[in-house]
Structures are given as C-alpha cells and as structure tokens.
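Here is a protein model to explore together, one question at a time. Each answer sets a value beside the rule that gives it its name.

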Amino acid sequence: MSTSIFFEHLVQEDRVHRSIYTDPLIFELEMTHIFGGVWCYLAHESQLPRPDDYLTGKLGLRPIIVVRDSSGKLRALFNRCTHRGARVCRETRGSARTFQCPYHGWTYFNTGKLRGVPWPEGYACDFAEGKYNLAQVPRVESYRGFIFGTLNADAPPLGDYLGAAKRPIDEWLDRNPGSRVVVAEANRLKFKGNWKLAYDNAADGYHVVFSHRSLLETENRHAADPTKGMSFYMGKPDEAPMYVQYFGRGHHFKDKRPNVERRPGALWEIEGAQPGMAAYEKLIRERLGARALRALDLAASEPVNINIFPNLSILGNHIQVFQPLAVDETESVWYATAIVDEANELEGMADAVNAIRMRTQESFPNFGEVDDAANFEEIQKGLAACEDEWVYMHRGLGIPGRVQRLADGTLKAPATDEVFMREHMKEWQRLMTTRPNIQLSR
Ligand code: FES
Ligand SMILES: [Fe+2]
C-alpha cells in the first residue's frame, strides 16, 4: 500500500483509525512530517527579554535551546553537541554568551558557532569549517511576541501560516494595556496519552458540562443563579451565541465571547469567587471608580480558545503548549500571563489586576485540565481494544446548513460541532503524505 492510500484509510470523512493515537511508527513519522513540517510554537519573547537570554525546550522530540543571541537575534539551536551528541545545555533557562558541553568541554557561542575545543592540537581537522557548529532551526520568526520555528524550507511565511488565526490573536493582545502580555510561571502537567487527544479537545464544546461538572459547581457555589464561569454550556450549547470556527492549516477557534454582554464588567461578573479576590477588587474599585470595570475584566478569564496547530493554544489568559513525549505520553504546560502597564493606564493598579489574574489562572489548570487529562488517559486505555478500530468525530456532519463556509473560506459551526476536528485531521493526513523539505543550518 502506498503511504497516501494508507493514510487515506486512517482518516475518513466521519472517523479516524485508532492507530493514529497508538502506533509508535506513526508517532515517529509525525516528528518529521508534522513537527518538522510546519511552524511550531517555541517560546514567548517575554521569556527572553535581553540578549543572551535562553531557555531549553523541544521541537517535536528534538532538544533545542531557544536563545536571543548576543546581537539580539532569536535562534533555536539544536541542544545536541556536534562532537558525540550530548545535550550541551542542561539548564531550563538562563543567560549565557557561550554554552560549554559538560562531556568533553567543546564550547559554542550563543549563535551556535563553535568557539573552541580543548587541546585542539590533537585534531587534524579545520574547526573553522561550519560542520562543527551546532545545528539550528533555519527559520525562526515571531508574531507579536509568539516565537515559532520551522525546519521546512518550503513552509509558507509565518504570517501566512497563521492566516485567519491572526485576528483573534490580535484581539487577545489588544485588550491589554500596551497591547501585550508577559509570560509568568507555568503549571506543568503530563498525561499518559497521545498529543492529538489534547489538540482534538482544544475546541470541543461537547464535553464541557459532562467532564467539567465539578468545576462548574465549584464556580457557582456562592452564586444565587448558576451563571458563573462556563455555565453558558448548560442547557443546549448549540443554541448559544458562541461558535467554533476552523481557520485552515489545522488552526481553530472557540469563541465564547458572544455569550457575554458587551459592556465593561460583564466578564468580571461571571468570574467565580476565588479566595483573596475581594480585597484586590475593593482596592481597584476605590482607586479607579467607573474605570475599575475595565481593569477587572482584564483579571477575568478571556472566553476564547485559539488553537494553533500543532502545539499551541491561547485560552483564557493562558498560553498552553502541547509537548509530545512518546506516542502515549504528552506534557501540557500552561503558562500564565501578566499584564504590563508601562503607560500607567490603570493608575498603579496593574499589580492588583495581576494578583487576581494569578488566582483566576490557577483555576482551570488545577480544576479543569485534570478532568481533560483524565479523559485523554481513558481514551488511550480504551484504544487498547485493538479490534474496535474507529474513533468517530462526525457530530454535525451531514446536517444541512449546520456548518457555514464564510466569505474568507473559514468554517463556522455551533459550539458542540466536531467539524474543526475533522478538518484538522484532513490537514494532518495531508502533512503525513507530504515530505517536508527539512534543511538545518549551522
Ligand atoms: S559530546 Fe560534547 S564535547 Fe564531547
Ligand atoms: Fe475540557
């Protein structure tokens, strides 16, 4: 069977084959075709504010050092010594002009260029030859602070790759003072399941009231009417004004903003009570008067999920990253974000907003993500039933008028529709049958 017929069999109109979540060979191919083929999210610029700042991470399974080199240029170096292959940098983050491999002491500038080796008289070669420099991701670009990299020389420019997803990213940033955020620390979780289970779930409006029932109850425990948090999913979510949109290239969007009235303070009103909020709210209201509501809305969770294939989700006030570790193991990191108020638009209240924001951002990773991760692990366990081959994602398929194609070519559907999943699976299939033009630079 040719690979394209093979993958056509695995991804069908209404269902996908279990092996795309369980087969180690398919996982290995994904590391080349998906994580080597498209722009992957690497880091946020606020994590590397100064020249020489770096952090270590992964591009697929490739260990990398994302660094702002001494001249200020963003790079993604392979964290893999050219000598015998050891990881050169073992720290999670820091500031360094050079990296010295702990094994035999080869040293590299933070541009990736080899600086020197111990006792070079023992070598006959010319170390000025580029082949001894660290390999690096040839294309690293950022979009409004979000740093992406791709190994694929044929990938479109980053702006084209993001396409229609740029609009909600812009809106997510522009609501903040100075139109920006900085990354604070992270909740780090791992689950025993395939990475795509998290991506499939990222715009899933079907599971919310069932999977997150205890969270919904917690958010509403002090409320006279149960309208806090995600309670707009109760009743019939498909009749609510929220919607799901598919942008192309695997990216999708769950827009819950239409559920919330468009007036200052409406978002804050649906935020569930959290310990410690009241004192900061009082302070902000006393200082800012009528303008307090805008500040409090910035502390509340922004009701969007912007999912950038294959490894990024911008949701609430978080930047979530999906990191595959193995066919059945994934790391899910939720970076909190803080506002920065250089122009003092909030009259000294930015710290108070960030204090509440920290609380609101603790909520979902601790009380919601665990529900989702439990589902991902249960799917992975369920899929061990190898004769029962198919996973269905056909909710909404074949119902006339349910999925609309908009003028810009994107697809829009009611909140619980699985069209976004069917579409990213088609893109996955296309990528798995297209050989990327992988080029390393040194
Ligand atoms: S493996 Fe790095 S110096 Fe030998
Ligand atoms: Fe969920």
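Predicted model: local features only at pLDDT ≥ 70, side-chain atom pairs only at ≥ 80, totals over all residues.

Q: What makes β4 and β5 a pair?
A: The rule is again at least two bridges. Between β4 and strand β5 (residues 74-78) there are 5 bridges, in the antiparallel sense, so these strands pair as well. Here Arg68 stands opposite Leu74 in β5. β4 and β5 also form a hairpin, with 5 residues between them, and Gly72 in its turn has a positive phi of about 100 degrees.

Q: Why is strand β4 called mostly covered?
A: A residue is buried if 20 or more other C-beta atoms lie within 10 Å of its own. In β4 (residues 62-68), 5 of the 7 residues are buried, so the strand is described as mostly covered.

Q: Which residues is Val66 in contact with, leaving aside its neighbours within four places in sequence?
A: Contact calls for C-beta atoms within 7 Å. Val66 is in contact with Leu42, Ala43, Leu48, Tyr54, Leu55, Gly57, Ala76 and Ile147.

Q: Which residues touch the most other members of the largest nonpolar core?
A: This core has 89 residues, and the ones that touch the most other members are Cys40, Tyr41, Leu42, Ile64, Val66, Ala76 and Ile306. Its largest share, 7 residues, comes from α14. At least three residues are drawn from each of domain 1 (40-143) and domain 2 (180-429). There is also a second, separate core of 20 residues, which includes Ile270, Ala292, Ala338 and Ile339. As a general point, nonpolar side chains in soluble globular proteins tend to be buried together.

Q: How do you know that the length of helix α14 agrees with its number of residues?
A: Helix α14 (residues 419-432) has 14 residues, and at 1.5 Å a residue these should span 20 Å. Its end C-alpha atoms are 20 Å apart, so the two values agree.

Q: What makes α14 mostly covered?
A: Of its 14 residues, 10 are buried. Among them are Val419, Phe420, Trp428 and Leu431.

Q: How many residues of domain 1 are in contact with domain 2?
A: On the domain 1 side there are 7 residues, in contact with 10 residues of domain 2. Strand β2 (residues 40-44) gives the most to the domain 1 side, with 3 residues. That side divides into 2 nonpolar, 4 polar and 1 charged. The centres of the two domains, taken over C-alpha atoms, are separated by 34 Å.

Q: Why is Lys190 called partly exposed?
A: Lys190 has 13 other C-beta atoms within 10 Å, so the middle class applies. Lys190 lies in strand β12 (residues 181-191). Not counting residues up to four places away in sequence, Lys190 touches Glu329, Thr330 and Glu331.

Q: Is Ser179 buried or exposed, and how do you know?
A: With 12 C-beta neighbours inside 10 Å, Ser179 meets the limit of 12 or fewer and therefore counts as exposed. Ser179 sits in the loop between α5 (166-174) and β12. Its phi is near 55 degrees, a positive value in a residue other than glycine.

Q: Is Arg249 buried or exposed, and how do you know?
A: Arg249 has 22 other C-beta atoms within 10 Å; the cut-off is 20 or more, so Arg249 is buried. Arg249 is found in the loop between β13 (243-248) and β14 (251-255). Phi of Arg249 is near 55 degrees, again positive in a residue other than glycine.

Q: Which peptide bond is cis, with omega near 5 degrees?
A: The cis bond runs from Phe309 to Pro310. Pro310 lies in the loop between β15 (304-308) and β16 (312-315).

Notes. Residues numbered from 1 in each chain as written. Chains lettered and ligands numbered in written order. Domains from an automatic or database assignment. Contact = placed C-beta atoms within 7 Å. Helix = DSSP H or I, 4+ residues; strand = E, 2+ residues; numbered from the N terminus. Nonpolar A, V, L, I, M, F, W, Y, C, P; charged D, E, K, R; others polar. Expected span 1.5 Å × (residues − 1). Core = buried A, V, L, I, M, F, W, Y, C linked by C-beta atoms within 7 Å.
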